[in-house]
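I opened the notebook today to record what I looked up in this structure, beginning with the whole chain and then turning to single elements and residues.

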Amino acid sequence: METGAPTAGEPSLAELIRAGDLDAIAGFQVTHVEQVRSYCEIVCAADRVQEACDDVFLEFVGRVREGDAIPGADAALGGDAQLDELLLQATRSVSAARLQRRPASTGSRRAPRFEVQDASCAVMPELVAAAANGELRGDGEAVRAHVASCPACKAMTARLQRAERAFLRSGGWS
Ligand SMILES: [Zn+2]
């Protein structure tokens, strides 16, 4: 299917996805699933990677339908230029939620547990992901301060950053 730049009068890929075009959604998923998987494999338990990938694309479609999910995004870009960023946001959000909910003893070497030091630690993965997505009110200073002083959350954040580099490499982004 055609996923390149739209010609005059044809809807963009973002517009097709926003309209619920199943071919457009499936096509986008096929071309980006390995990129999403490379992130989820680093953050999620091995037996949760597939469902995490599926949920990422569900959330991605939701974010595209919301249309204005990127603070300060240039509406003149027409949407397609934002799709990759929306996919990364959905990947961060879905993966962080799964990391948080994962039982403490998975026994998985690839997904080590992160020891909880205080009540803040439990919500830190999703807060760090929200900060990266630009979704936190203010400047996220409280989150940064916690991560800086908490070895467990510092390790968790380093893992999220490693996953993000894998995502960007897999997508061929610079
Ligand atoms: Zn912590």
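I began with burial in this predicted model, and found that buried residues make up 33% of the 174 residues in the protein. I then looked up the secondary structure, which comprises seven helices and zero strands, so that the order from the N terminus on reads α-α-α-α-α-α-α. For the contacts with a separation of 6 or more, I noted that 69% are between residues 24 or more positions apart.

Next I turned to helix α3, which covers residues 49-66 and has 18 residues. From its first C-alpha to its last, α3 reaches 25 Å, and I noted that this is close to the 26 Å expected at 1.5 Å a residue. I listed the buried residues of α3 as V49, A52, C53, D55, V56, F57, F60, R63 and V64. Beside that list I wrote a reminder that an α-helix has 3.6 residues a turn, so residues three or four places apart point the same way. Just after α3, I found G67 with a positive phi of about 80°.

I then asked which helix holds L87, and found this residue in α4, residues 80-101.

How values were computed
Residues are numbered from 1 along each chain as its sequence is written. This is a predicted model: local features need pLDDT of at least 70, side-chain atom pairs count only at pLDDT 80 or more; totals for chains, interfaces and linings use all residues. Helices (H or I, at least four residues) and strands (E, at least two) are DSSP runs, numbered from the N terminus. A residue is buried if 20 or more other C-beta atoms lie within 10 Å of its own, exposed if 12 or fewer, and partly exposed in between; C-beta atoms are placed from the backbone. Two residues are in contact if their C-beta atoms, placed from the backbone, lie within 7 Å. The expected span of a helix is 1.5 Å times one less than its number of residues.
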